There are 2 protein chains.
Amino acid sequence: MDQTLLMLPGPTTVAPRVLRAISKDVVNHRSAIFGEIYTETTELMSDVFKTQNKSYLLTGSGTAAMEASIANIIRPGEKVLNVVGGKFGERLRDIVKAHGGESVELAIEWGDAVKPQEIKEVLDENEDIKAVTVVHNETSTGVAAPIDEIGKLLRNYDALYVADTVSSLGGDRVDVDKDGIDICFTGSQKCLAAPPGMAAITLSDDAWKVIDSVDSNTYYLDLKKYRKSGAGTPPETPYTPSVTLIYGLFEALQVIKEEGLEKRINRHETAAEATRNAAKALGLELFPKEEVSSATVTAIKMPEGVTDKQLRGTMRNEYKVELAGGQDHLKGNIFRIGHMGNITYKELAITFSALGMTLKKLGFDIDMGAGVSAVSESYI
Amino acid sequence: MDQTLLMLPGPTTVAPRVLRAISKDVVNHRSAIFGEIYTETTELMSDVFKTQNKSYLLTGSGTAAMEASIANIIRPGEKVLNVVGGKFGERLRDIVKAHGGESVELAIEWGDAVKPQEIKEVLDENEDIKAVTVVHNETSTGVAAPIDEIGKLLRNYDALYVADTVSSLGGDRVDVDKDGIDICFTGSQKCLAAPPGMAAITLSDDAWKVIDSVDSNTYYLDLKKYRKSGAGTPPETPYTPSVTLIYGLFEALQVIKEEGLEKRINRHETAAEATRNAAKALGLELFPKEEVSSATVTAIKMPEGVTDKQLRGTMRNEYKVELAGGQDHLKGNIFRIGHMGNITYKELAITFSALGMTLKKLGFDIDMGAGVSAVSESYI
């Protein structure tokens, strides 16, 4: 009764069967039995990435995978084109700098998506760009970038294509092989709906060629070591992995397999449409341009005269629904509804029922049922 | 009936109450409720470290904490004295090199412990050593270093004292404040008996002074960011932590508090003595010098004519007891019995019962009960 509904862009609600899976006894991570679990989990990850390439598991958050994607491919002074339209684009840029790289920043207005043509122009002006980083789903602004079109463009350039799909994989269209993504990574606690603490990364032959030519700037995240250990007998990780969280990721990937990836993505798109329509029905304004809005998280402008504490505080304390706030300069200016993972009309009915009551309490003259009605229209 | 008993130097068997704790629903890691869990867990960690300094939690294995201890304190070219008497001493040395530092290696014979006088000589020959790394409990050889005596010595030098207590904290004597350790870290899956995947680190004011003067060579493990987020309202981590594993660590630390740290360490020492005596009673030879042998893991020479596969394979497949093998050049030459975490006479009775039968099967003319008898002598 008292349980809080997480409507966050991660961590998302973890299914009971996944929570049961993680409470199994821990096995030796240097044993054949673990080798099997590890191999099956990485193969299921490659299925979700839609790639023939191998995947690797990192014990750490999505940021660990972000750093692995950069620290293994650049030498000090080398150039990376960072598309930056939000907090996670900034993070990839900062990681390039932390490892001595030169970030060529392509700044996009927060709330808008990059156009392939803009990337083309920067690439044509700079011959020596080693990699291009694109955040598929900018969690901070609720914007999705056209990673497929960018992929088509980048086929004509030598630069590696690094795509951050932390908050999209398993919830929005990602096709690593078709889109020619060289390095793609994600976190466990977003659309995959596993507990937080694991990240997965997959790499193309071109990416490995670059990695083999560079001395890694990191030890824990040195991908050459993961490749070597992963090819061992039994397959393993270079350092003690979180066996517990791998149980969880494995089970969450089984859930995805049972649902079917295509169906799952359609379900996310329906939830996103329902969320946008319900927000508008309650008189709220979306933050991003609607045509570039995310399939997994919706950013909404804070209504005039309302503080973050009033809106999210009431949602949390009175109605037990946890929404996300804005980050950095968007703090207090937007709030975000995550609709990733195992989201159906039920969670959205609860969320917009609560949001209707919250807005009414805060003095808005609205039809409290309009949000839930709009949700129903998307699902009927 | 089919459950395998883990007698490894990590991961160790996780108590059912800890396994239940991790299957709780994941909460928002940017909320007051998580802030409380985080704060209480870090305070319990500081209690186990025996320090007034704050502790920080890293989502990652002990190796992540090893890297954090180095990457935040050195600039390229700066010197670190690495005491190397096994695989984990080597790892700290390699991390220094990976971050462009100059490792001054003090090589100790594998199976022996460093003497403070040896460290003194290197320090007196090299004025510009910025830090000294010591592995308290060298998991690969079953040797414990005298971290208290080394602490006394290092009070007379400016170099930071970095102590790796990954496989000792919570099972052997560690007193961060009394021993003047500047940077101390551990992993969740060793003597703390929590699931693998979390690491904890604590830092002195002197350590922070150095960290504040250096640009971190890492992003995910940038400790300045952990300090800043940890001091926030609510306290939090800079990147999504494994809320799930923090539940587990918190519960495992409660178990330690209930047992009492002193009693817990005595229990480990008894288990170590019982293991050594039981191994000798079965005609086996210890690998390290007995006076420097570890309280948490015992390394034993592989009996002549026996392969690792025969001994550990029989133990695993016939008797469902999982032991660890040797690493690197010790592969096949030693095997290791971990007696860390929640180990009592029961687990040792099983282990030495199984080892007696295994040796008999492998053709040794021994009294199969002699091991268990020796265990009993230590516990009566």
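Where is P11(B) found in chain B? In this predicted model, P11(B) lies in the loop that runs between β1 (5-6) and α1 (16-22) of chain B.

## Backbone geometry

The peptide bond that leads from G10(B) to P11(B) is cis, with omega near -5°. In chain A, the bond from G10(A) to P11(A) is likewise cis, its omega also being near -5°, and P11(A) has its place in the loop between β1 (5-6) and α1 of chain A. Most peptide bonds are trans, and most residues other than glycine have a negative phi.

A further backbone feature concerns A193(A), whose phi is near 60°, a positive value in a residue other than glycine. A193(A) sits in the loop between β9 (183-187) and β10 (198-203) of chain A.

## The two domains of chain A

Chain A is divided into domain 1, which is made up of residues 5-10 + 260-379, and domain 2, which covers residues 16-258. The C-alpha centres of domain 1 of chain A and domain 2 of chain A are 28 Å apart, and the contact between them takes 29 residues from domain 1 and 32 residues from domain 2. The size of an interface is often given as the accessible area lost when the parts come together. For domain 1 of chain A and domain 2 of chain A the buried area is about 2400 Å², with 53% of it on carbon and sulfur atoms. On the side of domain 1, L261(A), R264(A) and V292(A) supply 22% of the area that this domain buries against domain 2 of chain A, which is more than any other three residues.

Polar and charged pairs also cross this interface: the rule finds four salt bridges between domain 1 of chain A and domain 2 of chain A, and 17 residue pairs are in polar contact. R173(A) forms a salt bridge with E262(A), in which the closest N and O atoms are 3.0 Å apart. Three elements of chain A, namely α10 (261-281), β11 (297-301) and β14 (334-338), each supply at least two residues of the side of domain 1 that touches domain 2, and the largest share of that side, seven residues, comes from α10(A). By class, the side of domain 1 of chain A that touches domain 2 of chain A has 12 nonpolar, 11 polar and six charged residues.

## The interface between the chains

Between the chains, 46 residues of chain A are in contact with 46 residues of chain B, and the area buried between chain A and chain B is about 3500 Å², of which carbon and sulfur atoms give 62%. V26(A), Y219(A) and Y220(A) supply 18% of the area that chain A buries against chain B, more than any other three residues.

The count of salt bridges between chain A and chain B is zero, whereas 14 residue pairs are in polar contact between these chains. On the chain A side, α1 (16-22), α3 (62-71), α4 (87-98) and α9 (243-259) each supply at least two of the residues that touch chain B, and α4(A) gives the most to that side, with four residues. The residues of the side of chain A that touches chain B divide into 21 nonpolar, 19 polar and six charged.

## A helix pair in chain B

Two packed helices are described by the angle between their axes and the distance between the axes. In chain B, helix α7 (residues 205-212) and helix α8 (residues 223-230) pack at an angle of about 115°, and their axes are 10 Å apart.

From α7(B), the residues W208(B), I211(B) and D212(B) meet L223(B), K224(B) and R227(B) of α8(B). By class, the contact of α7(B) with α8(B) has three nonpolar, no polar and three charged residues.

Notes:
Residues are numbered from 1 along each chain as its sequence is written. Chains are lettered from A and ligands numbered from 1 in the order in which they are written. This is a predicted model: local features need pLDDT of at least 70, side-chain atom pairs count only at pLDDT 80 or more; totals for chains, interfaces and linings use all residues. Side-chain values use heavy atoms; hydrogens and water are left out. Domain bounds come from an automatic or database domain assignment. Contact means heavy atoms within 4.5 Å. Buried area is the accessible area (1.4 Å probe) that two parts lose on being put together, summed over both. A salt bridge is a side-chain nitrogen of Lys or Arg within 4 Å of a carboxyl oxygen of Asp or Glu. A polar contact is a pair of N or O atoms within 3.5 Å; within protein, one must be able to donate a hydrogen and the other to accept it, and residues adjacent in sequence count only if both atoms are side-chain atoms. Ala, Val, Leu, Ile, Met, Phe, Trp, Tyr, Cys and Pro count as nonpolar, Asp, Glu, Lys and Arg as charged, and the others, Gly among them, as polar. Axes are lines fitted to C-alpha atoms, for helices over the stretch in contact, and angles run from 0 to 180 degrees between N-to-C directions.
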